[in-house]
Amino acid sequence: MSEAQLEAETLFRGTQAEAMISRNHQATPMIVNNYNHVGHASNAIFGDNLGSLNQHAPGGQNERKAIDEAEGLRYLMQNIAPGAIHDSNERCDAPKCMEETRVAVQEDIMGWIEAEDRESKRIMWVTGPAGTGKTAILGTIADTCKDKGILAASFFFSAFTGSANRRTKRCFVPTLAFQLMGHGGLRGTREHVLLSAARDQGIIFTKNLKEQFISIVMNPLLYRPQESGSGAKAAPRVIIIDGLDECDAEQYQLLRHIGQVQVGGPVFIRPKEDDQKEILSILLLAANDPSFPFRILISSRPEKEIRNFFSTDGKTRTRELFLDNSYDPDADIALFYTAKFSKICYDLGIKPEDWPGNDAKVTLVKNASGQFIYAATVMRYVEGAPYSSATPNISGRTSTPHRRLEHILGLAPTTHSPLEALDALYRLLLEACPDPDLSMKWLRATQLQHFLDHKAVPWLLRLVLETSPGEERHALGPLASLLSTEISGENLRKPYSFYHKSFLDFIADPTRCDGRFLTDDQLLAWVAQRFFQTLDHHVAALPLHESNLGYYGTFIRMLTDLTRASFEVAKPDILSSDLQKWTAALTDEQVPWKSNSDRPLALTWMLTILHNGVSGSFRHRFDMTL
């Protein structure tokens with residue numbers, strides 16, 4: 001239990017004890033003749049029809065304040081994203097700048113943060129193409145600022161790894177507020193944050209971002225007492241926000257995959273750019289307020305809407321730092337290669353001067369084209385992950401670091417695109433799999449979003465897709481340099497963890513992954529085939545996943561989007577499955593579902609799949625599915 005959670009629990013228990021004492025001890029009527037220094041008088045009688053007195057002295061107010069703060073802490077904890085904070089356990093393996101690399105860019109950023117002048121450029125936007133090391137740089141800057149006591153708060157968005165609450169704006173403001181109130185250099189903010197959070201049963205967390213930001217960030221900072229003297233701690237100077245382009249849209253409808261359902265009018269799917277601009281707008285609001293004490297460091301890819309914002313509304317307040325060749329990334333990448341190869345040589349008892357040779361490193365630096373993700377992926381592959389180390393290579397020989405490096409050096413980019421070398425590397429890794437087509441299907445399946453922002457998780461995909469034990473490991477294990485493949489325990493209930501979003505962009509782009517690309521319809525047809533092929537296994541396995549049965553039901557709902565052609569592909573497997581046995585198991589009252597509505601919805605969605613297939617009305621939906 002965290003310190004904040006422990007504090008909340010202690011306060012709640014104390015409050016509950018007081019309430020029990022109050023309920024079990026009836027107030028005794030009394031006549032009050034002296035009105036001075038009344039501590040607490042309840043049901044005091046002043047004679048016939050003269051009313052009563054119920055007065056709380058300062059001690060009672062303190063008790064009420066403690067209760068309100070405990071309530072506020074409870075509401076706040078329900079709305080934060082702990083994994084988005086820079087030093088969270090969830091980010092323990094997040095990339096950081098290797099020592100003596102990215103020195104120039106770090107000096108530029110820290111110089112701007114620590115500058116004493118009140119320059120107008122209070123926002124810095126760190127941007128650059130995919131793979132240029134933005135997250136590693138901001139993670140390192142966050143560590144440096146924390147060590148100096150000048151980090152106010154941080155939020156690291158992530159669309160492809162980590163917890164779901166790092167993918168949308170919902171927890172953004174509360175997570176900042178939580179960090180601000182706990183900073184030793186911001187004494188006095190805690191009370192204001194918690195009392196605002198407690199007001200009207202936490203209704204502030206249902207408001208738009210601007211209202212939240214004003215209430216639990218701006219106002220607490222404005223009304224806190226100012227510290228002075230040698231005893232005051234270092235004042236924080238910067239808020240750090242990474243990966244803004246990975247912030248997905250918060251959808252306000254019940255279901256995301258609703259296609260063209262017409263239920264009381266058309267359904268509007270909110271684009272993620274709207275939420276990104278909403279975040280930028282409140283940050284600009286803060287930067288324009290002279291009383292706001294922090295600078296704001298933001299990183300993202302140079303996406304169109306984000307760039308438009310910084311070149312229009314935020315132009316006068318923003319300094320742009322573009323990660324290009326002016327920061328000499330080649331020199332840093334060369335240092336990275338040297339350090340990694342030295343470790344491999346040490347582990348294998350090879351002299352660094354004997355292998356891999358200067359020419360090889362020069363070629364690798366050139367191929368990277370300034371992209372640190374290329375260098376990191378190359379070295380993960382050359383080092384070999386635990387599963388892939390004994391995997392035969394394309395030629396069938398046992399793979400060693402030397403052989404794997406030869407494969408990479410043998411790649412010949414066909415264009416001058418900076419992505420071509422990275423794509424060639426990704427294609428090499430995919431083709432090295434025992435069954436590349438099967439691996440691509442599993443890769444695409446990991447990105448299925450079957451309910452709101454919930455991506456498919458390992459236990460569920462293993463249940464509905466594995467026709468042979470260990471198939472997921474067979475398909476994804478050789479790709480251990482691209483995603484985490486050692487999955488067990490609680491991680492079975494979390495989305496698959498990929499090392500970089502550029503690989504997910506690669507598998508979703510038909511112009512980059514060539515003949516291995518799968519359309520959404522092809523993928524859904526394969527998933528439907530596997531679902532019905534494994535249907536008998538579901539019956540035995542469902543009780544083992546009783547707390548997650550809602551995910552199983554919404555996965556079935558996703559299959560209602562099958563086109564007629566896709567249904568025809570899956571029809572033989574549907575006809576050969578034992579739906580009667582499955583239905584009996586699903587309606588078994590001994591199998592507990594998290595929600596009473598999940599069971600009938602799962603059955604309804606299965607009927608919808610079959611109805612759509614036999615009727616040909618593939619865009620028809622029962623009202624019951626909403």
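Predicted model: local features only at pLDDT ≥ 70, side-chain atom pairs only at ≥ 80, totals over all residues.

Visitor: What makes the rings of tyrosine 426 and phenylalanine 503 an edge-to-face pair?

Guide: A search of the whole structure finds 18 aromatic pairs. In the pair of tyrosine 426 and phenylalanine 503, the ring centres are 5.0 Å apart and the planes stand at 70 degrees. Rings pair if their centres lie within 6.5 Å, and planes over 60 degrees apart count as edge-to-face; the pair is therefore edge-to-face.

Visitor: Why is this pair said to tie together separate parts of the sequence?

Guide: Tyrosine 426 belongs to helix 14 (residues 418-431) and phenylalanine 503 to helix 18 (residues 501-507), so the pair joins parts that are 77 residues apart in sequence.

Visitor: How do you know whether tyrosine 426 is buried or exposed, and which term applies to phenylalanine 503?

Guide: Buried means under 20% relative accessible area. Tyrosine 426 has a value of 0% and is therefore buried. Phenylalanine 503, at 1%, also counts as buried. Elsewhere, ring pairs link Phe336, Tyr337, Phe341 and Trp355 into a cluster.

Visitor: What places arginine 74 over the face of tyrosine 75?

Guide: The distance from arginine 74 to the ring centre of tyrosine 75 is 4.7 Å. The criterion asks for CZ of Arg within 6 Å of the ring centre and within 35 degrees of the ring normal. Arginine 74 is listed as lying over the face, as is arginine 295 over tryptophan 112, at 5.6 Å from the ring centre.

Visitor: Why is serine 566 called buried, and what does its side chain reach?

Guide: Serine 566, found in helix 22 (residues 564-576), has a relative accessible area of 5%; the cut-off is under 20%, so serine 566 is buried. Its side chain reaches the backbone oxygen of aspartate 521 at 3.2 Å. Since a polar contact requires a pair of N or O atoms within 3.5 Å, the distance meets that limit. Apart from neighbours within four places in sequence, serine 566 is in contact with Asp521 and Ala525.

Visitor: What makes strand 4 a covered strand on both faces?

Guide: Five of the five residues of strand 4 (residues 123-127) are buried. Ile123, Trp125 and Thr127 lie on one side, and Met124 and Val126 on the other.

Visitor: How do you know which strands pair with strand 4?

Guide: Two strands pair if at least two bridges are found between them. Strand 4 is joined by five bridges to strand 7 (residues 295-300), in parallel, and by five bridges to strand 8 (residues 318-322), also in the parallel sense. Threonine 127 stands opposite serine 300 and valine 126 opposite serine 299, both serines being in strand 7. Tryptophan 125 stands opposite glutamate 320 in strand 8.

Visitor: What is the order of the strands in the sheet, and which are called edge strands?

Guide: Five strands form an open sheet with parallel pairing, in the order 5-6-7-4-8. Strand 5 (151-156) and strand 8 are the edge strands, as each pairs on one side only. Neighbouring strands of this sheet are turned by 15 degrees against each other on average, direction ignored.

Visitor: Which helices lie across these strands?

Guide: Among them are helix 5 (residues 172-181), which lies across strand 5 and strand 6 (238-242), and helix 8 (residues 272-287), which lies across strand 4, strand 6 and strand 7. Helix 5 runs at about 150 degrees to strand 5, and helix 8 at about 155 degrees to strand 7.

Notes
Residues numbered from 1 in each chain as written. Heavy atoms only, no water. Phe/Tyr/Trp six-rings, centres within 6.5 Å; stacked < 30°, edge-to-face > 60°. Helix = DSSP H or I, 4+ residues; strand = E, 2+ residues; numbered from the N terminus. Buried < 20%, exposed > 50% of the residue type's maximum accessible area, 1.4 Å probe, protein only. Polar contact = N/O pair within 3.5 Å; in protein donor to acceptor, adjacent residues only side chain to side chain. Contact = heavy atoms within 4.5 Å. Axes fitted to C-alpha atoms, helices over the stretch in contact; angles between N-to-C directions.
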